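Here are my notes on the model, as numbered points. Please read them with the structure open.

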Amino acid sequence: MSNTTKRDLDNTATVRVAGDAAGEILDVHAEHAVTQGGRVRVSMTVNGRVRVMTVEPRTTLLDALREELGLTGTKKGCDRGECGACTVHVEGRRVLSCMTVAAMQGGKRITTIEGLEWDGNLHPVQAAFIEHDGFQCGFCTSGQIMSGVAMIEEAKAGWPSAATADVRSLFTVADLSDAEIRERMSGNLCRCACYPNIVDAVAEAAARS
Amino acid sequence: MDPFALASADDAATAIVAHARDPQLAFIAGGTDLIGLMKDRVELPERLLDINGLPDIARVEALPDGGLRIGALARMSDVAAHPDVRRRFPVMA
């Protein structure tokens, strides 16, 4: 039964296997292309460089970044989408890389903590975290910073949050109160409880942006 | 996670047929729910079909009759930030 249905899927020309070098998708012609546990080639732009990897379909973006590319700045905390330590940007939006299938990111633009600095200069959010002591042990910090960077862009784009009193008017960076920042950063946990300093760091980076 | 095969579809009819024919196939969009269930081994699909390539179902649009259509692939954050949602359906935003 399961063989028949699998063949049905394989033989459906418009069902495709994810990930070729161009970041596009290949037509499924051969059964081996979707063999269970088979590896797939995927290409993505990571911190401005095109990187090609061959991964198992079950490989998360987090494991691909850390194990395949050696980008260990992105941390594995809970590995179940609860702590935010693995936050990276996909096409400029923050995502939890532990809950993201690497093979589905073909052609996407990924930014990790390693990709924030520019020409040897820290990103303003990185600098603000140092200035305000926004960490103790540092394990959650790369996720916090990636979230903070994207969060400021979301505020600039006028996105409301659950803390926004009036969602009808367009949100601006000037509306980023401490309560707004706390709500918008609530997907990133800090076991050292550096929250007051994290809020200060994000607020200053937002004000300067 | 247990091993699985991954494919993607670029039209809805194909995706629906593939799903109807194959009880071991699950759709995957964002994965926030499914990946968690798979990591906990609550869901153990043998095949995942990536539906992010399906056209026109990520849209959020106001309808002439005063209603709102939210595509199945629309992200929560896009719904919340959508001007029509903010103006006419602020409770949802």
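**Notes on the predicted model**

1. Start with Asp22(B), which counts as buried because its relative accessibility is 1%, and the cut-off for buried is under 20%. Bear in mind that this is a predicted model. Asp22(B) sits in the loop that runs from helix 1 (12-21) to strand 2 of chain B.

2. Next, the largest nonpolar core. It has 31 residues. Leu65(A), Ile110(A) and Leu48(B) have the most contacts inside it. Both chains supply elements: from chain A come strand 3 (40-46), strand 4 (49-55), helix 2 (61-68) and strand 5 (87-90), and from chain B strand 2 (25-28) and helix 2 (32-39). Each of these gives the core at least two residues.

3. Look at Leu65(A) in more detail. Which residues does Leu65(A) contact, leaving aside neighbours within four places in sequence? They are Val46(A), Gly70(A), Leu71(A), Thr74(A), Val88(A), Ile110(A) and Thr112(A). A second, separate core has 24 residues. Among them are Met146(A), Ile152(A), Phe171(A) and Leu176(A).

4. Just past the end of helix 2 of chain B, Arg41(B) takes a positive phi of about 60°.

5. Two residues of chain A deserve a check of their backbone angles. Most residues other than glycine have a negative phi. Asp79(A) has a positive phi, near 60°. Asp79(A) lies in the loop between helix 2 and strand 5 of chain A. Its relative accessibility is 22%, so Asp79(A) counts as partly exposed.

6. Ala193(A) is the other residue on this list. Its phi is positive too, near 60°. Is Ala193(A) buried, exposed or partly exposed? Ala193(A) counts as partly exposed, because its relative accessibility is 46%.

7. Now a helix pair in chain A. Two packed helices are described by the angle between their axes and the distance between the axes. For helix 3 (residues 124-131) and helix 6 of chain A, the axes come within 8 Å and cross at roughly 140°. Helix 3 and helix 6 of chain A are therefore oblique to each other; roughly antiparallel would need an angle over 145 degrees. The crossing of helix 3 and helix 6 of chain A is right-handed.

8. Which residues meet where helix 3 and helix 6 of chain A come together? Helix 3 of chain A brings Pro124(A), Val125(A), Ala128(A), Phe129(A) and Glu131(A). Helix 6 of chain A brings Ile198(A), Ala201(A), Val202(A), Glu204(A), Ala205(A) and Arg208(A).

9. Last, Asp56(B). Its place is the loop between strand 3 (47-50) and strand 4 (60-62) of chain B. Asp56(B) is exposed because its relative accessible area is 59%, and the cut-off for exposed is over 50%. The C-alpha atoms of Asp56(B) and Phe4(B) are separated by 27 Å. Along the chain, Asp56(B) and Phe4(B) are 52 residues apart.

How values were computed:
Residues are numbered from 1 along each chain as its sequence is written. Chains are lettered from A and ligands numbered from 1 in the order in which they are written. This is a predicted model: local features need pLDDT of at least 70, side-chain atom pairs count only at pLDDT 80 or more; totals for chains, interfaces and linings use all residues. Side-chain values use heavy atoms; hydrogens and water are left out. A nonpolar core is a set of buried Ala, Val, Leu, Ile, Met, Phe, Trp, Tyr and Cys residues joined through side-chain atoms within 4.5 Å. Buried means under 20% relative accessible area, exposed over 50%, partly exposed in between (1.4 Å probe, protein chains only). Helices (H or I, at least four residues) and strands (E, at least two) are DSSP runs, numbered from the N terminus. Contact means heavy atoms within 4.5 Å. Axes are lines fitted to C-alpha atoms, for helices over the stretch in contact, and angles run from 0 to 180 degrees between N-to-C directions. Angles under 35 degrees count as roughly parallel, over 145 as roughly antiparallel, 65 to 115 as roughly perpendicular and the rest as oblique. A crossing is left-handed if the near helix is turned anticlockwise from the far one by less than a right angle, and right-handed if clockwise.
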